Amino acid sequence: MNVAERYTIAYKGLKNGLHEFDFEVGAALFEAYESTEIKGGACEVHVSLNRAERMLELHTTIDGAVTVSCDRCMEDCDVPVHFAGDLTVKFSDETDEYDGEVMWISPSAGELDLTQYIYESIVLSLPYQRVHPEGGCDPEMLARFHIVSGAEFAAIEARADGNPAGRSVPESEWGKLEALREQLTREVGEAVRTDGSNHDGRK
Ligand SMILES: [Zn+2]
């Protein structure tokens, strides 16, 4: 059974009135659309379909979760999916369109393929910011992507201040800074020793 068959409603045999349908969405749907942002997931789709003489009216709800990359640590992160929407399906042999609210299909089709509608509804319902709950990020990945300590941050800022137009500091400059820092540490150490020796009356 391919993905499209799984999300198809054969409305031709339905009497006028309300009909209920349930579908399950798994990784196969996102693979079928070669989604780069959604890596997997599990959602329940419920469709209430009202069959009228000249149209179908659908109310669809989708609930579950999908796996995406966390914006903060880049590791897999499950975000909830909650969607509710209405779709009207009209019949025409001349148009074969779909604008998100109205879908036109041929009256001879006999069945309604909701694959794209379900996929798009899930994508559109994703939150703008996709991150783990506070404290749920991978600490190793965070350390790799973020500034590790205040000292490092200060060093980066100093580097940026001394270099307009964002030029990077050549490796040799860092070497000089490091040498200067060592020299200062040594001098301070000597000053302390000298200070202590003064009590002995030695010069
Ligand atoms: Zn994270």
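A: We will take the strands, then the aromatic rings, then the core. Keep in mind that this is a predicted model.

Q: Strands, then. How do β2 and β3 pair?

A: They pair in the antiparallel sense, over 9 bridges. Strand β2 covers residues 17-25, and strand β3 covers residues 40-51.

Q: Which residue in β3 stands opposite Phe 23?

A: That is Val 45.

Q: And how many bridges join β3 to β4?

A: There are 12 bridges, and these two strands run antiparallel. Strand β4 spans residues 55-69.

Q: What do β3 and β4 form?

A: They form a hairpin, with 3 residues between them.

Q: New topic: rings. How many aromatic pairs are there?

A: The count is 6. Take Phe 30 and Tyr 119: their ring centres are 6.3 Å apart and their planes sit at 50 degrees, so this pair is tilted.

Q: Where are those two in the chain?

A: Phe 30 is in helix α2 (residues 27-32), and Tyr 119 is in helix α3 (residues 115-125).

Q: What about Tyr 33 and Tyr 119: how far is it from centre to centre?

A: It is 4.2 Å, with 5 degrees between the planes. That aromatic pair is stacked. Tyr 33 lies in the loop between α2 and β3, while Tyr 119 is in helix α3, so the pair ties together parts 86 residues apart in sequence.

Q: How exposed is Tyr 33?

A: Tyr 33 is partly exposed, at a relative accessible area of 31%. For Tyr 119 the value is 13%, and that residue is buried.

Q: Which residues do the ring pairs link into a cluster?

A: Phe 30, Tyr 33 and Tyr 119.

Q: Now the core. Which residues touch the most other members?

A: Val 66, Leu 114 and Ile 122 do, in the largest nonpolar core, which has 38 residues. Several elements give two or more residues to this core, including β2, α2 and α3. Strand β5 gives the most, with 6 residues.

Q: What is Ile 122 in contact with?

A: Leaving aside neighbours within four places in sequence, its contacts include Val 25, Leu 29, Phe 30 and Cys 43. Val 66 is also among them.

Technical notes. Residues are numbered from 1 along each chain as its sequence is written. This is a predicted model: local features need pLDDT of at least 70, side-chain atom pairs count only at pLDDT 80 or more; totals for chains, interfaces and linings use all residues. Side-chain values use heavy atoms; hydrogens and water are left out. Two strands pair if DSSP finds at least two bridges between them. Helices (H or I, at least four residues) and strands (E, at least two) are DSSP runs, numbered from the N terminus. Rings of Phe, Tyr and Trp (its six-membered ring) pair if their centres lie within 6.5 Å; planes under 30 degrees apart count as stacked, over 60 as edge-to-face and the rest as tilted. Buried means under 20% relative accessible area, exposed over 50%, partly exposed in between (1.4 Å probe, protein chains only). A nonpolar core is a set of buried Ala, Val, Leu, Ile, Met, Phe, Trp, Tyr and Cys residues joined through side-chain atoms within 4.5 Å. Contact means heavy atoms within 4.5 Å.
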